[in-house]
Amino acid sequence: MAESRGNTDIFTALGSLLHADEIINSDSPDYLPSIQTWAAQKYGSPRLVIRPTSIDTLSKALAYLYTTNQDFAIYGHGFSSASARDVIVNTSAFDDFQLNANSESVTIGAGQTWSNVYRKLGEVAPEYGIVGARTPCVGVAGTILSGGFSWLSSEYGCISDPGNLLDAKVVKYDGSVVWASEEPELLWALRGGGGGFGVLVQVKLQIFLYPRNIWAGQILIPRERLEQVAEGISNFLSKPIDPKITMFLYVVKGRLLESIGSDSDVLVIHAFDAHGEEHGRANFQWALNIPGAVDKTMITTLAGVANLQDKADIVKGTMKQFWQPLLLREITKEIVIKAIRWFEGLREIDESLGNCTYLIFELLSSRDLAGGVSTSAWPRPSGMKHILLLGTGCPSDAGPVKEKLARDLAIQAPSEVLGDNADVDVLPNGFEDYHDPKNASLKHTAARCSATYILS
């Protein structure tokens, strides 16, 4: 059982284990940026932040914290909304990068953002690509632990899949440090298991030659063309599609518009074709030809594609958010129309909720797990290849009544949009307390994780 100690003693003890510049007090200007959560309701106002700059000091601090009864959490860049009342262990100092040319891999600090990874890879090996997050401001470790979806996932799978995540260095609860490949159950658990198995400090990822003339970007379409957009998407998905082609459909309003680089209520198709402009325009001509469509596409690299979503962090912490990230086998015309009408109906219930709600179709964003379900803690079902992200919310200063309304609407959203008997899977990156682990994708994780690696 953890030993009970006063806060003063805890902070004194941590101070003896860490360097002065590894401790961030609540009166420091670095305090809030080091602990801000994406979902405002999960912010725990921690008393202290520690930001170890070496594996040695992290190991000592972690081993010590597990002897106490203090509430603490491991934090990367806040997009998984990890927080605690007492201590936050911020891992953002682990930002190293090493190219391994012979094995075509990179070994990188797991505490950095994908924006830094794309930039560093572009500097040392610009001809190479990597299966990395679509949103550049999110952290490496959190993305991998929650499965990890990429613009390249229809071609190469998730970031955490065995072909992409080759190994990971982990600090365990007792302060010991291990490469996960030495303990196969640990490596299995890290592949989309959701965390709680140790602190990732480094990961080894595969890289590969990839085109640098990607055609990508937004096609803005007036809302009144919904029927044509839905019909176009249905026809697009009904035919065989090259794995180097994918797309999103965004529907957002209010304060969230700026996070996707738009300033008016429109339907936003985000196209991606790694075969180049001519190929891309041919495949997305149906969207470009819709009356009123505004073409904002460009020729760019993987890093450039990611940077098209570089504004996502401006709304971090400004809303209370509740997620329903669903993996689907198919997206039909009817689903697109019904989802958008559900979304627009939220404004009729409460305008502030409508302004804080996401609806994103992430089409062709996954593929079957290579090597079989036993290779990953998150064994996504066969044939599931599309993501429907339903995220209800309200302003961060909203009271408990409105917060409960946003939460209830999130719980009801899948059945409202897809029906009560829809074949869906909840993604690890949005698993909430209202999801039933016996009927969601994480049920396999709960069944197989060894107690050796359960830290909390």
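Predicted model: local features only at pLDDT ≥ 70, side-chain atom pairs only at ≥ 80, totals over all residues.
A pair of aromatic rings is described by the distance of the centres and the angle of the planes. With ring centres required to lie within 6.5 Å, the count comes to 18 aromatic pairs. In one of them, Trp 151 and Phe 248, the ring centres are 4.6 Å apart and the planes meet at 25°, so the pair is stacked, given that stacking requires an angle under 30 degrees. This pair links distant parts of the chain, since Trp 151 lies in the loop between α4 (140-145) and α5 (153-156), whereas Phe 248 belongs to strand β12 (residues 245-252), 97 residues apart. Trp 151 is buried, with a relative accessible area of 4%, and Phe 248 is likewise counted as buried, at 3% relative accessibility.

The rings of Trp 215 and Phe 284, with centres 5.8 Å apart and planes at 40°, form a tilted pair. Here too distant parts of the chain are linked, with Trp 215 in strand β11 (residues 214-221) and Phe 284 in the loop between α8 (277-283) and α9 (285-288), 69 residues apart; both residues are buried.

Ring pairs also join Trp 38, Phe 79, Trp 323 and Tyr 358 into a cluster. Over the ring of Phe 79 sits the charged end of Lys 316, 4.7 Å from the ring centre.

Technical notes:
Residues numbered from 1 in each chain as written. Heavy atoms only, no water. Phe/Tyr/Trp six-rings, centres within 6.5 Å; stacked < 30°, edge-to-face > 60°. Helix = DSSP H or I, 4+ residues; strand = E, 2+ residues; numbered from the N terminus. Buried < 20%, exposed > 50% of the residue type's maximum accessible area, 1.4 Å probe, protein only. Lys NZ or Arg CZ within 6 Å of the ring centre and 35° of its normal.
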